[in-house]
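This briefing concerns a ligand site and the annotations that bear upon it. Please consult the sequence and the structure below while reading.

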Amino acid sequence: MRQIGVMHGPNLGRLGVRQPQIYGSTTLHDLHEALKVAFPAVAFQFFQSNHEGELIDQLESWRDQGWERVVLNAGALTHQSFALRDAIESLALTVVEVHLSNIYRREPFRAHSLIAPVAVGQISGLGIQGYHLAVQYLVQMTDLDQI
Ligand code: DQA
């Protein structure tokens, strides 16, 4: 079974109403439903929290359950959380970092990601399509592993 965790950090629970000119008008619920429809063979766990520790607790829980592949939009914690970075590294999770907006075209503080060095890759600026592409990559990775 292909198991993929999709995690969103602070302020992303308000997707759809939060600055739609930057982040789009799709809600988190609609995004999750679209992923389930697009990838019916994937078992998803979705998690959003505004709290750094809760995100880390969830990553630990996923690791304990044997879920290693994660699509992560850490929101602003991307730029400031050493703890989240350490969790990903120490749990040896396969993380694709996603940002709805292009973090390199915005304020300078957004252009630095603490997550990127411990992620397999990063998708930034492609809106919700970025999540689909990230899941697609993690699914194909699974296929390669099974060869
Ligand atoms: C974001 C970009 C971050 O800089 C910001 O703090 C967010 C959302 C994005 O998806 O574009 O909360 O991760």
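In this predicted model, the ligand is surrounded by Arg18, Tyr23, Asn73, Gly75, Ala76, His79, His99, Leu100, Ser101, Ile103 and Arg110. By class, this shell comprises 4 nonpolar, 5 polar and 2 charged residues. The space that the ligand takes up is the largest pocket.

- The side chain of Asn73 places an N or O atom 2.7 Å from an oxygen atom of the ligand.
- For Arg18, the distance between a side-chain N or O atom and an oxygen atom of the ligand is 3.1 Å.
- Ala76 contributes through its backbone, with an N or O atom 3.1 Å from an oxygen atom of the ligand.
- On its own, the ligand has 320 Å² of accessible area, and the protein covers 99% of it.

**The largest pocket**

- The largest pocket holds about 150 Å³ of space.
- Its lining consists of 15 residues, and those nearest the centre of the pocket are Tyr23, Gly75, Ala76, Arg106 and Arg110.
- Sorted by class, the lining of the largest pocket has 6 nonpolar, 6 polar and 3 charged residues.

**UniProt "active site" annotation**

- An unreviewed UniProt entry assigns the feature "active site" to Tyr23 and His99.
- These residues are spread over 77 residues of sequence yet cluster in space, the largest C-alpha distance being 9.2 Å.
- Both Tyr23 and His99 are included in the lining of the largest pocket.
- Tyr23 and His99 also belong to the residues that surround the ligand.

**UniProt "binding site" annotation**

- Under "binding site", the unreviewed UniProt entry lists Asn73, His79, Asp86, Leu100, Ser101 and Arg110.
- This set extends over 38 residues of sequence and is also spread in space, with up to 24.2 Å between C-alpha atoms.
- From this set, Asn73, His79, Leu100, Ser101 and Arg110 form part of the lining of the largest pocket.
- Asn73, His79, Leu100, Ser101 and Arg110 are likewise among the residues surrounding the ligand.

Key:
Residues numbered from 1 in each chain as written. Predicted model: local features only at pLDDT ≥ 70, side-chain atom pairs only at ≥ 80, totals over all residues. Heavy atoms only, no water. Near = heavy atom within 4 Å. Polar contact = N/O pair within 3.5 Å; in protein donor to acceptor, adjacent residues only side chain to side chain. Areas by Shrake-Rupley, 256 points an atom, 1.4 Å probe, with all protein chains shown as cover. 1 Å grid on protein atoms, 1.4 Å probe; cavity = no way out; pocket = protein on both sides within 12 Å on 5 of 7 lines; lining within 4 Å. Sits in = over half its atoms within 2 Å of the grid points. Nonpolar A, V, L, I, M, F, W, Y, C, P; charged D, E, K, R; others polar. Points joined across faces, edges and corners; volume = space filled by probe spheres on them. UniProt positions renumbered as here; feature names shortened; annotations may be inferred.
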